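Try each task before you read its solution.

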Amino acid sequence: MSEKLAINGGTPVRSIPMPPNYPGATSMGKEEEKEVLEVLASQTLFRYYGPQNPLMKVKQFETDTAKRLGAKNCVAVTSGTASLIVALHAAGIGPGDKVIVPACTFIATPGSVVAVGAVPVFCDIDESMTMDPDKIKDCIDPDVKAIIPVAILGYPCKMDRIMEEAKKYNLLVIEDIAQSMGSSYQGKACGTFGDLGCFSLQINKILSSGEGGCVVTNDDKLYERAVRYHDQGMFREKEGFLNVNEEADIFLGADYRMSELSGAVACAQIKKLDSIIEKMLKNMRMIQEGIKDIEGIQFATENDPAGVCGNSLIMFFPTVEKKKAFCAAMEAEGTPLSALYNSEPIYMVPQLMQKRVSNKTGFPFNQFDEEIVYTPDMCPTATDLMARHAWVAIGPEHTEQECKDYIAAFHKVAKEIL
Ligand SMILES: Cc1ncc(COP(=O)(O)O)c(C=O)c1O
């Protein structure tokens, strides 16, 4: 005997809203407050100098992040988008180049490629919602110089296969780990497989300083170039005033420097990464276990179950209609599901599909002999999976009762809809 669904006038599973989904932000507390107040008291909010000697909070964040991820170098920047732009510049990617990105990612991934004057080529995904390594070969042409695999919502990419393909086609690898800080693949932190790894500290992310990000790399030369680019392309003798040094690898850059205020928050947050992931994973596994026998729900493949962050549980429904009906019913039960990017490959946004750029010429899309054409059907698996997917947003502060409510709602709705 099934219960009347809330969407049909029945009693909802929950009447109190689920906690908001901001893992890093909702984990903020006294630790962040202390660090920020120290910086304010020092009046020195710039990382390199000021009225007093800087407290080096940004530097501390860089050191701790490199250590936690097992990377040799880390440079903090102003956002995840900035991290991609800085990494691309460090790698020397720009006009004349194409860069492979997955069809399932946030607009910032292809947007950063365009921002440096290169053109994104979209690669299809597989049932892990990440780039399908077997489809990389379909994206290759002589202008393709780099690839940006994206660990989506805490799910790692199949990095051994991606690295194999990258080697085969001589591609630079820039990992976009904006949504998945702390994820790993076969015991190694995501972001440390390729040439450069990019992270975000924006408000939705696993760690947050409101805005912020960082680039990690094991390559000293790329690190030097990333530091240079993010700091006006100039050279600092040590930490401090700008210099020009003919000997150094100098070139024009921009300002993507993190402020000491963000650094203060970030250096308190990085210490919490493991505890945030542990709590989210516990919740994710509980919900997953509780709904695994529901026929009609298929979980996204975990390329490495030991390496997921637990900030989401991604699933597919049998049809688009069932997914829509299921999501509407879950919303009414007070246990909402989310869906990525309008449930479509990211290239469907008009900015990409119609190649809309801020300049008058149409650059960078007009720079190759052949016309760059994006079509809705160019990544069929992404089109299919994104239309049928939904995900449970999981935070470290979800209580056991909240997880149980999700499980109860899934079963209640499944009886009627699946
Ligand atoms: C996959 C991915 N890449 C890059 C970014 C950009 O990060 P930010 O918002 O910090 O610029 C995001 C942010 O949502 C993202 O999800």
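Keep in mind that this is a predicted model.

**Exercise 1.** Find out how S12 is joined to strand S13, and which residue in S13 is the bridge partner of Gln 298.

*Solution.* Start with the direction: S12 and S13 (residues 312-316) run antiparallel, and two bridges join them. Next, look across from Gln 298, whose bridge partner in S13 is Phe 316. Then widen the view to the open sheet of three strands, ordered S12-S13-S14 with antiparallel pairing. Strand S12 (298-299) and strand S14 (389-393) each have a single partner strand, so they stand at the edges with one side left without a neighbour in the sheet.

**Exercise 2.** Decide whether the residues of strand S5 are buried or exposed, and work out which strands pair with S5.

*Solution.* Step one: a residue counts as buried when 20 or more other C-beta atoms lie within 10 Å of its own. Five of the five residues of S5 (residues 172-176) are buried, so this strand is largely enclosed by the rest of the structure.

Step two: check the faces. Side chains alternate between the two faces of the sheet in a regular strand. In S5, Leu 172, Ile 174 and Asp 176 lie on one side, with Val 173 and Glu 175 on the other.

Step three: find the partners. Strand S4 (residues 144-147) pairs with S5 in the parallel sense over two bridges, and Ile 147 has Val 173 as its bridge partner. Strand S8 (residues 196-200) is also parallel to S5, over three bridges, with Asp 176 partnered by Cys 198.

Step four: follow the chain. S4, helix H5 (residues 159-168) and S5 make a right-handed β-α-β unit.

Key:
Residues are numbered from 1 along each chain as its sequence is written. This is a predicted model: local features need pLDDT of at least 70, side-chain atom pairs count only at pLDDT 80 or more; totals for chains, interfaces and linings use all residues. Two strands pair if DSSP finds at least two bridges between them. Helices (H or I, at least four residues) and strands (E, at least two) are DSSP runs, numbered from the N terminus. A residue is buried if 20 or more other C-beta atoms lie within 10 Å of its own, exposed if 12 or fewer, and partly exposed in between; C-beta atoms are placed from the backbone. A crossover is right-handed if, with the strands pointing away from the viewer, the path from the first strand over the helix to the second runs clockwise.
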